[in-house]
Amino acid sequence: MTPIRYFPPSPGGSSARSPNLPPSAGLQFFGLVDISGTSEEMTVRLMDREDRELWNVTLPPVRAA
């Protein structure tokens, strides 16, 4: 299985911001992972500091053969 990379758009584009900005500049992000006990699917979400979901993906369970 080939990994897939996902990148949400950056606010303002890379040229519009300076490096090493503090979290108060609105560029603080964190991830959440939920695993369903019934379907065993894993949902990964990228959130911003305002608790808005920026991106998500749900992965099906994979069992070893």
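Modeller: Start with accessibility: buried means under 20% relative accessible area, exposed means over 50%, and partly exposed lies in between. Keep in mind that this is a predicted model.

Colleague: Why is Glu40 called partly exposed?

Modeller: Its relative accessible area is 40%.

Colleague: Now Asp51. Is Asp51 buried or exposed, and how do you know?

Modeller: Asp51 has a relative accessible area of 53%. The cut-off for exposed is over 50%, so Asp51 is exposed. The residue belongs to the loop between strand 2 and strand 3 (53-59). Phi of Asp51 is near 65 degrees, again positive in a residue other than glycine.

Colleague: On to charges. What makes Asp34 and Arg45 a salt bridge?

Modeller: The N to O distance between their side chains is 3.4 Å. The definition asks for a Lys or Arg side-chain nitrogen within 4 Å of an Asp or Glu carboxyl oxygen, so the pair Asp34 and Arg45 qualifies. Asp34 lies in strand 1 and Arg45 in strand 2, so the pair ties together parts eleven residues apart in sequence.

Colleague: What makes Arg45 and Glu53 a salt bridge?

Modeller: Their side chains meet at 3.7 Å, N to O. The limit is within 4 Å, so this pair counts as a salt bridge. Glu53, at 39% relative accessibility, is partly exposed. Through shared partners, salt bridges join Asp34, Arg45 and Glu53 into one network.

Colleague: Why is Asp48 called buried?

Modeller: Its relative accessibility is 6%. Buried means under 20%, so Asp48 is buried. The side chain of Asp48 meets that of Arg52 in a salt bridge of 2.8 Å, N to O.

Colleague: How many salt bridges does a search of the whole structure find?

Modeller: The search finds five. Among them are Asp34 with Arg45, Arg45 with Glu53, and Arg52 with Asp48.

Technical notes: Residues numbered from 1 in each chain as written. Predicted model: local features only at pLDDT ≥ 70, side-chain atom pairs only at ≥ 80, totals over all residues. Heavy atoms only, no water. Buried < 20%, exposed > 50% of the residue type's maximum accessible area, 1.4 Å probe, protein only. Helix = DSSP H or I, 4+ residues; strand = E, 2+ residues; numbered from the N terminus.
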